[in-house]
Amino acid sequence: SIFEVEVSVQYRPAEGGRFVAFLQDITERKQAEQYQLSLVAILNATPDFVGFANAKNTNVIYINPAGRKMIGIGGEEDVTRLKIADLHPEWTNQLFLDEIIPTAVRDGVWTGECAFLSQEGREIPVAMVLLAHKSPTGEVERFSTISRDITERKQTDAARAALETQLRE
């Protein structure tokens, strides 16, 4: 069979001028790398906001291209200078403190609606899933989110409600 190997060769003059080679089967590592590349491709291709943040200091670690576009952050801009609270309006930050974080820590996940804040100050309503990632000892190490912009749905709901009110009148 054919498989990938990592090779290390050393010349050992003290042993009569011999070459010694070490070979290691790296098939599993290469498969893991391919799997990881597939996951990164999904993160980069999804139209939803995907982000990760450090649980201890709430610093943002990563925001995918769609998330950057949603809130108006350039592709080259360093997001690690941001905190979770920098990405949300005050009412959502309060929701994070009162409900989102405690629920995610307790249950591992929180699902609901909140909002992001664009760099121009515009609120972007989103359907959010927030996951708490725990260490083997049970300590929350980071949070991740997948959030979908529901602006159009909110506008449609508001228009429908206004129409229903007009029809009742």
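The lining of the largest cavity holds 13 nonpolar, 4 polar and no charged residues. Here Ala, Val, Leu, Ile, Met, Phe, Trp, Tyr, Cys and Pro count as nonpolar, Asp, Glu, Lys and Arg as charged, and the others, Gly among them, as polar. The model is predicted, so local features need pLDDT of at least 70 and side-chain atom pairs count only at pLDDT 80 or more, while totals for chains, interfaces and linings use all residues. Residues are numbered from 1 along each chain as its sequence is written, and side-chain values use heavy atoms, with hydrogens and water left out.

On a 1 Å grid over the protein atoms alone, a cavity is a set of points where a 1.4 Å probe fits but cannot get out, whereas a pocket is an open set with protein on both sides within 12 Å along at least five of seven lines; lining residues have an atom within 4 Å of a point. Points are joined across faces, edges and corners, and a volume is the space filled by probe spheres set on them. The largest cavity has a volume of about 140 Å³. Of its 17 lining residues, Ala 53, Ile 84, Leu 87, Leu 130 and Thr 145 lie nearest its centre. Strand 3 supplies the largest share of this lining, 4 residues (strands are DSSP runs of E, at least two residues, and helices of H or I, at least four, numbered from the N terminus).

Helix 3 (residues 90–107) gives the most to its lining, with 4 residues. Ile 84 and Thr 58 are among the residues that line this pocket.
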